[in-house]
Amino acid sequence: MPPLIDFKDIQEKLSTQFRPWQRSFQFWVRAADIYTGYKVFQLRVSLVKDVEKQEAMWERQHEFAADKIYAMCSDLGGFFLKIAQIIGKPDLAPEAWVRRLVTLCDRAPATPFDTVKLVLEKELGRSIEDIFERFDMEPLGSASIAQVHRARLKGDKRDIVVKVQHPGIQDLMITDIHNLQAFALYMQKTDIKFDLYSVTKEMEKQIGYEFDFKREANAMERIRQFLYENNKASPVVVPRVVLKDMVSRRALVMEYIDGIPILNLGDEIAQRGINPGGKIAAAAKQNILKSLTLAYGQMILKSGFFHADPHPGNILICKGSKVALLDYGQVKDLPDKLRLGYANLVLAIADRDPVRAAESYRELGIDTVSKCKNEQQELLRLAETMFDTKLPPGVSMLQPFSEDSSIKKISVEAFPEELFSVLRTVHLLRGLSVGLGINYSCAEQWRPIAEEALYHAGRLKDTDLKTKSRRRRFFRRFL
């Protein structure tokens, strides 16, 4: 008797095979709708002469587009949740976009517990009941690649966190980023004079690393050790790996950090009866930002190996305004040439030195083409826009693609892929500073660390150091 045909199995295989095509179709339909909506609107608004009416029209258009962008990122999930994290920042995106997209941090659909159980038992080689005294079925949070559960190991009284990868997510995210690369190529040829394709290639490389939790565990331990060895007290809390035999490619067990998400900081301050605009709240926010700035300055400029994903969903605020930095899936090991080249650019921005900025561009391999008269000044402005957190006086949101912006005046023909992680990190720090209501320059704060890095590399002499006394004040203030 011939075997019966399993129609359900055939249906599941066909669904899996065609899922990337369906996903690509959904992306292009929605992206084209949003893009053409803005292009048509630009024609309409150009016919209106009243500035106030134009601003009101732009606000309505941004709100209309924000709903569509939110729906696309929320419905598709996967890599588009990361896109929401990148563009949904108060210093870069329109306010209407930020209000909608900021709610997508750690809001990915959760994998059902039965599936989580199967993944864990396969990865760890034992049943959940044999390993854990308690395992919360509801996740603490679910992000684009994985979700985390609170649990407790047998024979231990401490809570731990178990990170579990969503099954099948790697293929979907690779499909997403390939679609984005095609869109980036189109945009850089039509609207944006920036090497977006190289940026998306680096994103593809970094995302590929995130699917290996063994790599993440090693990165977390390396950064934790570096920060604790280079400071009297580490500026940020880095979770420990609980047991090395409980780390696999798709599962990771680490210590539980008690804290509140930085997005909930305002509510927490209000609940404690503290005036959000008062001195106590301001001091707490400054301490949070200083801790993050010091940690990142040391990681990027001193080590070159750094956590490259400081979006709000990865930052917890613990007792005493202590900052915990979570999720080490995206880390970057910057080659010394780029690390020192960026240190030189930091000094150029801190000193507002256009000549040094132009030299740093060449050293970093950033190729630009310009036809404007004051090219060196525009290059410096572009460096500040890309690699500093400070906003110009009276500006609460950058307009990087406005007609007056440096990106419109200077075409970035080539941008080194490996530098994208630094660019993204600085922009995320700027978004945090704007969200906390603090306008500051990370380049100025990092100046002594940059000088130290260049000095140890033999590129600065004692007579070149401008911030010896400033360095002592800087480290005394932070350590």
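Mentor: Residues are numbered from 1 along each chain as its sequence is written, and side-chain values use heavy atoms, with hydrogens and water left out. Because the model is predicted, local features need pLDDT of at least 70 and side-chain atom pairs count only at pLDDT 80 or more, while totals for chains, interfaces and linings use all residues.

Trainee: At what angle do helix α11 and helix α16 pack?

Mentor: Helices are DSSP runs of H or I with at least four residues, numbered from the N terminus. Helix α11 (residues 279-303) and helix α16 (residues 420-436) pack at about 170 degrees, with their axes 10 Å apart, which makes α11 roughly antiparallel to α16 (angles over 145 degrees count as such). The contact (heavy atoms within 4.5 Å) includes L289 and L292 of α11, and L429 and L432 of α16.

Trainee: How many disulfides does a search of the whole structure find?

Mentor: A disulfide is a covalent bond between the sulfur atoms of two cysteines, taken here as a pair of cysteine sulfur atoms within 2.5 Å. The search finds zero; as for individual cysteines, C73 is buried at 1% relative accessible area, and C318 is buried at 15%.

Conventions. Buried means under 20% relative accessible area, exposed over 50%, partly exposed in between (1.4 Å probe, protein chains only). Axes are lines fitted to C-alpha atoms, for helices over the stretch in contact, and angles run from 0 to 180 degrees between N-to-C directions. Helices (H or I, at least four residues) and strands (E, at least two) are DSSP runs, numbered from the N terminus. Angles under 35 degrees count as roughly parallel, over 145 as roughly antiparallel, 65 to 115 as roughly perpendicular and the rest as oblique.
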